[in-house]
Protein chains: 2
Amino acid sequence: MLSRPSTYAIRALTYLAMQPPGKLSGSREIADHEQIPNSYVCKILLELRRKRLLRSYKGIGGGYELALPADKINLLMVVRSMEGELALTECILQDQQCSARGQCSLHDSWAELRNQLLHFLETQTVADLARTKKTRLGELPGGRSQGPRDQIDQMNHLSINCRT
Amino acid sequence: MLSRPSTYAIRALTYLAMQPPGKLSGSREIADHEQIPNSYVCKILLELRRKRLLRSYKGIGGGYELALPADKINLLMVVRSMEGELALTECILQDQQCSARGQCSLHDSWAELRNQLLHFLETQTVADLARTKKTRLGELPGGRSQGPRDQIDQMNHLSINCRT
DNA sequence: TGACTAAAGGATAAGAAAGTCCTTTAAGCG
DNA sequence: CGCTTAAAGGACTTTCTTATCCTTTAGTCA
């Protein structure tokens with residue numbers, strides 16, 4: 001449905017949106033939490049920086065942070081950043097003739113569905129995702145405080161870089 | 001949105017649905033009309049035959065025809081024939097954790113959209129597509145009768161086979 | 001300044017999807 | 001039967017997506 005890079009981008013941005021303001025997160029940290037290959041997440045973060053959705057800082061203590069308030073980043077922006085214009089615009093049957101002349105009966109119904117999908121992506125923001133994710137994490141058995149995962153995270157606070 | 005094979009399959013079936021009952025169409029004929037590489041359409045037609053959506057006959061005068069009435073073949077059947085279970089079932093973010101625990105806020109809205117899409121595919125039949133296409137062809141400037149395309153078609157009535 | 005850290009970015013590899021080619025099988029026709 | 005036609009089907013190539021690797025650049029800190 002969405003391309004891999006798009007979904008990775010959304011997840012990375014959501015992760016950043018969950019961090020306290022001012023905190024920077026390294027690529028490794030994001031990759032580990034979101035289970036995305038690190039070298040691949042680097043590439044995606046770079047692209048998101050170019051599209052001005054996040055800022056990056058090199059060197060010790062460096063990392064990434066959102067360039068906009070999380071509630072100003074909607075999913076359509078992210079997807080467009082990664083895929084350019086969505087492949088949702090044409091005839092669902094990828095029929096040249098049809099696209100040109102509007103020949104197939106799918107067009108009308110499809111156009112409506114497509115608009116709904118675009119609207120869906122446009123209204124959902126990274127802030128929404130972050131909020132829900134936080135809430136649902138809190139509901140997990142054992143709650144949020146000091147799961148085994150968090151302990152490991154603390155141990156891993158040694159910085160590891162993009163190359164590994 | 002739909003995979004290439006799915007769209008080709010829908011178009012090939014629609015073409016067959018537009019033919020007079022009892023008429024067989026060769027792969028070449030379908031490929032030419034639908035602008036699909038011939039050797040590739042052969043493969044797709046074979047798959048559709050295996051899924052019992054069409055019948056085929058070898059030898060002189062052979063070709064393909066629908067195995068069911070066109071209005072009994074809906075698009076969901078076709079897409080499933082080509083892609084197996086749709087890649088629409090999971091979390092739109094392809095997040096393992098999320099899929100398991102229902103953690104992301106997209107789930108509910110996405111589930112609704114997904115159902116609409118499935119419903120859309122399920123209600124549209126190959127017969128519908130064929131009907132609309134015929135109608136719209138009729139509306140074209142010059143009408144249906146004897147466009148240049150048709151004349152070429154007649155000339156091409158020499159049979160050419162799958163190997164070319 | 002030099003050692004270290006982390007992002008930037010290009011080159012390349014691995015895998016899947018799309019498309020081609022060629023041989024085989026089966027049917028019709030003289 | 002032997003020739004022709006057309007689908008069946010496997011092997012292969014191409015292309016695109018996804019992912020990795022490695023070098024470079026730009027910071028921090030002692």
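Begin by selecting helix α6 of chain A, residues 106–123: at 1.5 Å a residue its 18 residues should span 26 Å, and because its end C-alpha atoms lie 26 Å apart, the two values agree. The expected span is 1.5 Å times one less than the number of residues, and helices (H or I, at least four residues) and strands (E, at least two) are DSSP runs numbered from the N terminus. This is a predicted model, in which local features need pLDDT of at least 70 and side-chain atom pairs count only at pLDDT 80 or more, while totals for chains, interfaces and linings use all residues. Residues are numbered from 1 along each chain as its sequence is written, and chains are lettered from A and ligands numbered from 1 in the order in which they are written.

Stay on α6(A) and color Leu106(A), Trp110(A) and Leu121(A), which are its buried residues. Seen down the axis of α6(A), these buried residues fall within an arc of 25°, so they line one face of the helix; the arc is that of the directions from the helix axis to the C-beta atoms. On the other side of α6(A), select Asp108(A), Glu112(A), Asn115(A) and Thr123(A), which are exposed. A residue is buried if 20 or more other C-beta atoms lie within 10 Å of its own, exposed if 12 or fewer, and partly exposed in between, with C-beta atoms placed from the backbone.

Now show the whole of chain A, which has eight helices and two strands, running α-α-α-β-β-α-α-α-α-α from the N terminus on. Of its 164 residues, 31% are buried. To see the strands, select residues 54–57 (β1) and 63–66 (β2) of chain A, which pair in the antiparallel sense over four bridges; strands pair if DSSP finds at least two bridges between them. Leu54(A) stands opposite Leu66(A) in β2(A), and in the hairpin, with five residues between the strands, Gly59(A) takes a positive phi near 80°.

Center on Ala12(B), which touches Ile30(B), Glu34(B), Val41(B), Ile44(B) and Leu45(B), not counting residues up to four places away in sequence; two residues are in contact if their C-beta atoms, placed from the backbone, lie within 7 Å.

In helix α1 of chain B, pick out Pro5(B), which counts as partly exposed because it has 18 C-beta neighbours inside 10 Å. With residues up to four places away in sequence left out, Pro5(B) touches Ile44(B) and Met82(B).

Follow chain B to α2 (residues 27–34), where Ser27(B), Glu29(B), Ile30(B) and Ala31(B) are buried, and then display α1 (4–17) and α3 (38–50) of chain B, against which these buried residues pack. Gln35(B), in the loop between α2 and α3 of chain B, has a positive phi of about 55° although it is not a glycine, and it counts as exposed because it has 12 C-beta neighbours inside 10 Å.

End at Arg52(B), in the loop between α3 and β1 (54–57) of chain B. Arg52(B) is not a glycine, yet its phi is positive at about 65°, and with 10 C-beta neighbours inside 10 Å it counts as exposed.
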